[in-house]
Amino acid sequence: MSFPIKEIPTKPFEGQKPGTSGLRKRVKVFQQEHYTENFIQAIFDSIDAKGQTLVIGGDGRYFSPEADSILSTPAASNVIRKYKAYGGILLTASHNPGGPNNDFGIKYNVSNGGPAPEGVTDKIFEKTKTISSYKVLEAPPVDLSKIGETKYGPSEVSIIDSVADYLILLQEIFDFPLIKEFLEAHKADYPILFDGLNGVTGPYARAIIVDTLGLPESSIQNCVPLPDFGGGHPDPNLTYAHTLVDVVEAKNIPFGAASDGDGDRNMIYGKGAFVTPSDSVAIIAHWADVIPYFKKGGVKGLARSMPTSKAIDLVAQKKGLEYFEVPTGWKFFGNLMDAGRLSICGEESFGTGSDHIREKDGLWAVVAWLNIIAAANKKSPNKLIGINDILKEFYSIYGRSFFSRYDYEEVPSEGANALVANLNKAISTNSLNDTVHTASNGTSYTVSGLYNFEYKDPIDHSVSKNQGQVITFSDGSRVVFRLSGTGSQGATVRLYVERYVPASASPEELAKPAAEGLQSLIDVALELSKLKQYLGVDKPTVIT
C-alpha cells in the first residue's frame, strides 16, 4: 500500500534558533501556519535519519496531544540509550508554563541520549533560514494509546511503556529493598510526599512510590499530567512549588519532593528543611557509597555548572576526585560522561543527575535522597535521621556555601544588554579590582577579580565564551551575572550570590537562613552592578 507524500511550499521564519534546550516560544508562535513543520523538517534535513530509529514523545503540554505521547525527558534519554536509537524529538518547554497563552518547545537529542551539541543545533538553525518546502505523509493517525507495533505509512512504529523501562533503570541503581524497609518501619513517623505539579512525572512517580515502594496514595499529589499543568508554573522551587511546601508544613511531613513539567528537575523539601540544588548534588556525591550503582562502579568524577555553588568541589577535593566547572547546559556534562570522566553532576537550577543517562533526572535525585536517608537511619538506629540532620552533618565536614539566585524575568532587552556591557567594560579596564564595598550592615567586601567565564571542553576542545560575568571577593565570596535565553519573550537576567562559611564556624553561623547569611553580599552585588538602575525594577521575579 502506498501513501502519497506531499511537498508543501513554505518560507523561512526568523528566530528559529534552538537554545541549550531546544526551540521554545509561545504556543501562538508555533500555531502559525508552517512554523512547527518548518522546524521539524529542518531537524530531519540536518540529521540524516533515513533507515534509523527515532524516539518521539513529550511532556503532554498544550499543543502537543495530537502529535505526542507522554514521555519524560529523563525517560526519553533512557529509551534512546536502551534501544540504541539514532536520536529523539521531544515536545517540551521543560519547566515553563503550559496552555494556549504560554509556552511550547521542540528539542532534539542525539544518540547518547543527551541534548544536541552546538554543531547539530547550528546546522538545524541554518536549515531554518533557507527552507523552501517541507514534506508531509498522508496517512491515518496512529493510536498512541495502544502499546505494540504498528505502521505509519512506510514507517514502523513501536509504542512502548516508558514508565516500565524507567523503573527497571532506577531499580538497577538504588537500594529499593533498603528504602522500602525504612519507609515501612516508619509509616507513622516518616511519611513522604511527592508533588508532580501536574507535569509528566506523575505516572513514573506512582509506579515508584505507590506500586513499588508500597506507600499509600496520600504519598503523591498532582500526579495527573495536564496540558496547562493545572494552571500552575511547573518549576520545582520555593516560589512555584507552593502546593508541596504548604502541605509539607501543614501536615509536618519530614520528606517532600517535587519535579517539573518534563521531569528533569527536582526540589527536596521537608518540614522546616529546604535543600538547595547546590547542596543536594554535593550531598549525593558525599553519600555515593551507599548507592549500589556507585558502590559497584565507583565515582569517576564530579561536576557543576559555573553558577552553582562550589560545595561539590569540596567533596571532590576531600575524596580525591577529578571535578569540573562547565557552562550552563547539560550537554557539557554529557561529553565528560561519554569520556568516562564524570559520574555525578548538577546545576543550581534544580537539575541533578549522573551518568546513568545524559539528561538531568528529577526522580533519580528524589530516590537518591530516599536511599541516603534510609542508609543514614540504618547507621543510626536509635535516632530518626531527617533532612536537617543530613545537612548539619555535611556542613560540619565541609562548611557551608550560602547560595541564592535572583531572577529578573521579561525585563527590557535594552536594559539587560546595557547591564552586561557595563560589566564587560569593568572587566576590560580592571576598574573594579581591589575596590572595597560596604553593605548596609557594615560588612565590607574587597573585589579580588572580575572575569567573563569561558570554558574549553577537555574532550572535544570546543570553546564556549561569554558564559557569565563573575565578580570574586577576597573572602572567597562571588557573584555571577548571566543573561539567559531560555524564556520565550523579553530578557531574563540572573544574579547568583555565594558566600562560603568554613566548617570551623559556630553551628549557629552555619545554620543561619540563607537570606540572612547572604544579605550583605546581595546589597553589594546590586550596588556594584547598578542592576536596578539598568533594569528598571526593584525586586526580582523569583528568588531561589
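**Overall fold and selected residues**

In the protein chain, 69% of the contacts between residues at least 6 apart in sequence join residues at least 24 apart. Contact means heavy atoms within 4.5 Å. The model is predicted: local features need pLDDT of at least 70, side-chain atom pairs count only at pLDDT 80 or more, and totals for chains, interfaces and linings use all residues. Residues are numbered from 1 along each chain as its sequence is written, and side-chain values use heavy atoms, with hydrogens and water left out.

The protein chain contains 18 helices and 26 strands. Helices (H or I, at least four residues) and strands (E, at least two) are DSSP runs, numbered from the N terminus. The radius of gyration is 23 Å, close to the 24 Å from the globule rule for 544 residues, so the protein chain is as compact as a globular protein of that length. This radius is taken over C-alpha atoms, and the rule is 2.2 Å times the number of residues to the power 0.38. The C-alpha trace spans about 75 × 60 × 40 Å along its principal axes.

Of the 544 residues, 56% count as buried. Buried means under 20% relative accessible area, exposed over 50%, and partly exposed in between (1.4 Å probe, protein chains only). The protein chain exposes about 22,600 Å². Carbon and sulfur atoms supply 51% of that area. Accessible areas come from the Shrake-Rupley method with a 1.4 Å probe; for residues, only the protein chains shown count as cover.

There are 53 positive and 63 negative side chains, and the centres of the two sets lie 3 Å apart. Lys and Arg count as positive, Asp and Glu as negative; His and the chain ends are not counted. Each charge is placed at NZ of Lys, CZ of Arg, CG of Asp or CD of Glu.

The disulfide count is zero, a disulfide being a pair of cysteine sulfur atoms within 2.5 Å. C223 is buried, at 11% relative accessible area. C345 is also buried, at 0%.

S343 sits in the loop between helix 12 (331-338) and strand 16 (344-347). S343 is buried, with a relative accessible area of 1%. Beyond its neighbours within four places in sequence, its contacts include F294, K300 and D355.

I89 belongs to strand 4 (residues 87-91). I89 is buried, at 4% relative accessible area. Leaving out residues up to four places away in sequence, I89 touches, among others, I40, F44, V55 and Y108. I89 and A416 lie 327 residues apart in sequence and 32 Å apart in space, C-alpha to C-alpha.
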